[in-house]
Amino acid sequence: MLSLEQALAQMLEAIPSPTLDNVELCSLAQAANRICAEDVISPINVPSFDNSAMDGYAVRLADLAKSPTLTVAGKAFAGNPFKQEWPALSVVRIMTGAMLPEGADAVVMQEETILNEDGTVTFIADHIKLGQNIRKIGEDVKQNEIILAKGALLNATSLPLLASLGISQVKTFPRLKVAILSTGDELVPVGQPLTEGQIYDTNRFAIKLMLEKLNCDVVDFGILPDNEQEFEQAFINAQQQADLVITSGGVSVGEADFTKTVLEKVGQINFWKIAMKPGKPFAFGKLENAWFCGLPGNPVSALVTFYQLVQPVIAKLSGYSAWQPTQRFTAVATAKIKKIPGRLDFQRGFYHVNDKGEIEVEPVGFQGSHLFSSFVKSNCFIVLERERGNIEVNETVTIEPFNHLIK
């Protein structure tokens, strides 16, 4: 069996990055959660002028060297700068964000001054440094600087940055089109009554929710019966309408699991057994017009394989080169954890930081691949190495906190 790392490396190597042939020019309002298709260069300096970081007084150090008490020549407000003549031995009253008067060396906050009855100001600070409380031109962003790289996610931090530079449009990669379908006579859509031997199709529902969080356009082909002809036609239709086709179920070795036979007619498919638990059966390949990922039918297996394998595939297909897997940490196990050597194990767990500042984790519920309810009470995967056995209390383990897909 391939390791998870080997399988993922082969998949990402096979998938090309998107080209610039069909990028879309979007307004900032339309670009939320899209992927940037170009390096964005700042057209201006930010700030575009030296300005005050405090409410106080703009001063010339040469004047203060002669006297700690000076007259007030005028005022500077944000959007209304001081433009009068600035006499010697005087200061300018200045507000936060206001343009610095020409010749000012520093800004002294008003708490370090005394306003006298005659209108003069006495400075009581022990030491006033050159440049203090001054925001310099280009201190945040310099003109012609690359402020957003191609492949970055356009979100609630990057888009306001573009707006602050006066940029109203940005080139983005198209949203990925993903076709989803489930297989199995036993499946029933959510909301319909069950009959004997049937179960609800929760996998397709969960996959659709995660795809929407990844800002994909979802084409839902519903549930396919265990009928080879219908299965083949659905795949032909799906791969004509999408960049990626994702199935749930039908990738095992049962008599009704004929996915391999059908897909070999419409593309090249690699069927793998991956040394991970849950999620050993997984399929990946290339159809005529789309890529393909086949997930296991068990609910937990489907979610884990989507999270660990399909998520990075979608990132590459979308042009999201800045995507990174969730950072993993070490934690202390507060309960025994059962583990059979042989496969990398992703168990559902709950972690927290104890009173000593240490990260602790415990498994949540039973860990069967058909038992989905434990996800609701979990906030991480406990990632147990392939050859590791049972874990005792106080042993160190690796955890991977859930990202936004399943939080």
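Which residue of β26 stands opposite F329? In this predicted model, the residue opposite F329 is I399. Residues are numbered from 1 along each chain as its sequence is written, and side-chain values use heavy atoms, with hydrogens and water left out. Because the model is predicted, local features need pLDDT of at least 70 and side-chain atom pairs count only at pLDDT 80 or more, whereas totals for chains, interfaces and linings use all residues.

The opening pair belongs to strand β22 (residues 329–333) and strand β26 (residues 396–401), which run antiparallel and are joined by 4 bridges. Helices (H or I, at least four residues) and strands (E, at least two) are DSSP runs, numbered from the N terminus. Two strands are said to pair if DSSP finds at least two bridges between them. Strand β22 also has a parallel partner, strand β24 (residues 359–363), with 2 bridges between them. Here V332 stands opposite E360 of β24.

Two open sheets can be followed strand by strand. Strand β4 (residues 56–59) runs antiparallel to β7, and 4 bridges join the two; A58 has V107 of β7 as its bridge partner.

The loop between β6 (90–94) and β7 holds M95. With residues up to four places away in sequence set aside, M95 touches S52, M54, D55, A76 and F77, where contact means heavy atoms within 4.5 Å. The C-alpha atom of M95 is separated by 64 Å from that of E288, which is 193 residues apart from M95 along the chain.

The other open sheet, also of mixed pairing, places 6 strands in the order β16-β13-β17-β21-β20-β18. Strands β16 (217–224) and β18 (267–273) form its edges, each pairing on one side only. From one strand to the next, the twist averages 15°. Within this sheet, strand β13 (residues 177–183) pairs with strand β17 (residues 244–248) in the parallel sense over 5 bridges, and I180 has I246 of β17 as its bridge partner. Helix α6 lies across β18, β20 (281–287) and β21 (291–295), running at about 145° to β18.

Turning to the helices, the axes of α5 and α6 (residues 259–266) come within 10 Å and cross at roughly 45°. This angle makes α5 oblique to α6; under 35 degrees counts as roughly parallel, over 145 as roughly antiparallel, 65 to 115 as roughly perpendicular and the rest as oblique. The crossing of α5 and α6 is right-handed, a term used if the near helix is turned clockwise from the far one by less than a right angle, with anticlockwise giving left-handed. Residues E228, F231, E232, F235 and I236 of α5 meet T259, T261, V262, L263, K265 and V266 of α6.

Helix α4 (residues 202–213) packs against helix α7 (residues 299–318) at an angle of about 30°, with their axes 11 Å apart. That makes α4 roughly parallel to α7. This crossing, too, is right-handed, and the contact includes I207 and M210 of α4 and L303 and F306 of α7.

Q239, in helix α5 (residues 228–241), has a relative accessibility of 2% and so counts as buried; buried means under 20% relative accessible area, exposed over 50% and partly exposed in between (1.4 Å probe, protein chains only). The side chain of Q239 reaches the backbone nitrogen of N289 at 2.7 Å. Neighbours within four places in sequence aside, Q239 is in contact with V245, L287, E288, N289 and A290. R34 sits in the loop between β1 (24–27) and β2 (40–41) and is likewise buried, with a relative accessible area of 9%. Beyond four places in sequence, the residues that R34 touches include E24, C26, F173 and N215.

Technical notes
A polar contact is a pair of N or O atoms within 3.5 Å; within protein, one must be able to donate a hydrogen and the other to accept it, and residues adjacent in sequence count only if both atoms are side-chain atoms. Axes are lines fitted to C-alpha atoms, for helices over the stretch in contact, and angles run from 0 to 180 degrees between N-to-C directions.
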